[in-house]
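Please consider the model shown below. The paragraphs after it lead through selected parts of the fold, one after another.

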There are 2 protein chains.
Amino acid sequence: MSTQRTIAILPGDGIGHEIMAEAVKVLESVNARCELGLNLEHALVGGSAIDAHGTALPEATFELCARADAILLGAVGGPKWDKLPVAERPEKAGLLEIRRRLDLFGNLRPAILYPQLADASSLKPELVAGLDILIVRELTGGIYFGQPRGIRVLENGEREGYNTYVYNESQIRRIGKVAFEAAQKRGGRLCSVDKANVLEVTMLWREIMEDMAKDYPDVELSHMYVDNAAMQLIRAPKQFDVVVTGNMFGDILSDAAAMLTGSIGMLPSASLDVNGRGMYEPCHGSAPDIAGQNKANPLATILSVAMMLRYSINEPEAAQLIEDAVSKVLDQGLRTGDIFSPGSTLVNTVEMGDAVIAAL
Amino acid sequence: MSTQRTIAILPGDGIGHEIMAEAVKVLESVNARCELGLNLEHALVGGSAIDAHGTALPEATFELCARADAILLGAVGGPKWDKLPVAERPEKAGLLEIRRRLDLFGNLRPAILYPQLADASSLKPELVAGLDILIVRELTGGIYFGQPRGIRVLENGEREGYNTYVYNESQIRRIGKVAFEAAQKRGGRLCSVDKANVLEVTMLWREIMEDMAKDYPDVELSHMYVDNAAMQLIRAPKQFDVVVTGNMFGDILSDAAAMLTGSIGMLPSASLDVNGRGMYEPCHGSAPDIAGQNKANPLATILSVAMMLRYSINEPEAAQLIEDAVSKVLDQGLRTGDIFSPGSTLVNTVEMGDAVIAAL
Ligand SMILES: [Mg+2]
Ligand SMILES: [Mg+2]
């Protein structure tokens, strides 16, 4: 395990610096203890890169991202850069540009609810405590990118808006591969969500998923219509292991699933390329309102480190070490403000990071 | 209020006969008491029409539907007719054919949770007790009907599936009118759900809704992206009054909202035409497994009568009478099997209908 591998560390903006500092502490600790041979290189992205270099994605940053084995991102954006044209802002010119140029099409969105935080959910605790779903969303195709699109004037003079929901076989196969392999690493069950009773594009989706299932005899494939999936996530979310779906359905369902947990400050995410390299980041944003106050919850970023070790670095034991440590600090009753409840102990960003390291 | 108005009564199949018998008892009672001048005419539809006349929608039935001021439908379908070609089955050739031929584009899907049934929800009771949302879904346009659509072979030999998400101005205006008018009859708040940050078709949708809002100064219009709407329905569903959205987003969100209540046996629905005439039916199906056993919950059909009186017959006081009576029987602890909980009194279909009439 001593091959030299590079991790790009991009703190970004707002609370990104604080939460990344804790995540890096945890990553360096695990790197040493498990002899992972990871080489951490830092770079600017987003608003902080605009301030320093006039662009949200300096070429040096992109070059690092392109050669790194994985990217760890904090969060980008803030009011300071909201007056810029959309195309120059931290989100579009920084985050989305990395995704686009590296073709990070495979979005992993876990919805995990540690039993210690079950009360934070709007659902009854017994329905969500211990929830552990992984939603695999196709991120660079489908209707959000489909052509033709636009608003045209009809012959009768009125306007018509139109978009195209489109997937070809190879796009479906490459996200299917991500999902089947994720199911192999987890509980072995994959639910493909579509609207194959109505939409031809998802009839093809379902057919390809069925065809791929032959190559994964250890994965049990099922199918569900998207409207029913939205219902089942509310009725009995623990029935799912891995869910795979297109960009738009994935947008809706992954956000719904995240909300089931009631604690978005705990959720990591990943965007992978065809070789399994990718960018890891918390689901929450840069929270400029609490930036610099040592208040932010670093656990989503710390759990992003664990995800990175599992999916891009192939070090599942190291990943498990971190996840177990997070569970331990929750058992100890330590909570940042966003997940605080009466009877628990309020800690700040640095204290939470230290506690995770102590629990490793 | 003594104009003669015609209600088409279509019991359909399975439990449709039993639940409709109770709904008709309630409707006749209110008809007499409030002197509504409603003339009820019965007809066959679905499987029972196939058995009697060889077609799920006999011309006499359609003719009645076309001239009626409103249609009350029980439920259609059952295993007996599942071997028929899809195009001849009770759902497609009966229900969907009425919708299509009468152009019933305005789907009203209430998500109401009587406080007495709050425990049935997967959400914490305090978040859903007394929930009263109306989702207005466009039902005959959008991506489910858009052209071009299909699966084609690309130049490189692989296949590509595609569908078109399309709305023109007049389609948006007519569903907008249904929604704004519904908001006027209710709490005066309308949330339009779209994905206007990405999809051009919903940019036009949002622009038209904004334009229409000028004509409804008594309605407060807001906008929400569909992924956020899915989250907010889980986080704090009571924040909504009326929601309006397109066919596909409406399919997903109305089913999710229905599931929030935990008791689909209680939910009515409507599909309206451009003149406000329409078809009213429970959200649940024909439940062949319990048909003929006097077990089915007639309340969704009884509440469909109330909806019909409010939206197509313009008799809001009569509608309220029925809704209050339903609330009273729930206060009395009466429950059919599907909503039974320990400590309440189990009643059958007829007993529940009788109790509602007694409570009127
Ligand atoms: Mg989203
Ligand atoms: Mg549906």
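Pro148(B) occupies the loop between S5 and strand S6 (150-153) of chain B, where helices (H or I, at least four residues) and strands (E, at least two) are DSSP runs, numbered from the N terminus. Gln147(B) and Pro148(B) are joined by a cis peptide bond, with omega about -5°. In chain A, a cis peptide bond with omega of about -5° likewise links Gln147(A) and Pro148(A), and Pro148(A) is placed in the loop between strand S5 (132-138) and strand S6 (150-153) of that chain. Most peptide bonds are trans, and most residues other than glycine have a negative phi.

This is a predicted model, in which local features need pLDDT of at least 70 and side-chain atom pairs count only at pLDDT 80 or more, while totals for chains, interfaces and linings use all residues. Residues are numbered from 1 along each chain as its sequence is written, chains are lettered from A and ligands numbered from 1 in the order in which they are written, and side-chain values use heavy atoms, with hydrogens and water left out.

Two residues of chain B have a positive phi although they are not glycines. Glu35(B), with phi of about 50°, lies in the loop between helix H1 (16-33) and strand S2 (38-42). Glu35(B) is exposed, its relative accessible area being 60%; buried means under 20%, exposed over 50%, and partly exposed in between (1.4 Å probe, protein chains only). Ala287(B), with phi of about 40°, belongs to the loop between strand S12 (278-282) and helix H10 (299-311) and is partly exposed at 23% relative accessibility.

The magnesium ion (ligand 1) has protein donors from both chains: Asp251(A) (OD), Asp255(A) (OD) and Asp227(B) (OD), at 2.1 to 2.3 Å. Donors are N, O and S atoms within 2.8 Å of the metal (3.2 Å for Na, K and Ca); water is not among the atoms, so sites may look incomplete. Asp251(A) and Asp255(A) are separated by about one helical turn, because they are four residues apart in helix H9 (residues 247-261) of chain A. Both are buried, Asp251(A) with a relative accessible area of 4%. Beyond its neighbours within four places in sequence, Asp251(A) is in contact with Arg137(A), Tyr144(A), Lys195(B) and Asp227(B).

Asp227(B) is one of the buried residues of H8(B). Eight of the 10 residues of this helix (residues 226-235) are buried, so H8(B) is largely enclosed by the rest of the structure. The cover over these buried residues includes H8 and H9 of chain A, as well as strands S5 (132-138), S8 (189-194) and S9 (220-225) and helix H9 (247-261) of chain B.

Terms used: Contact means heavy atoms within 4.5 Å.
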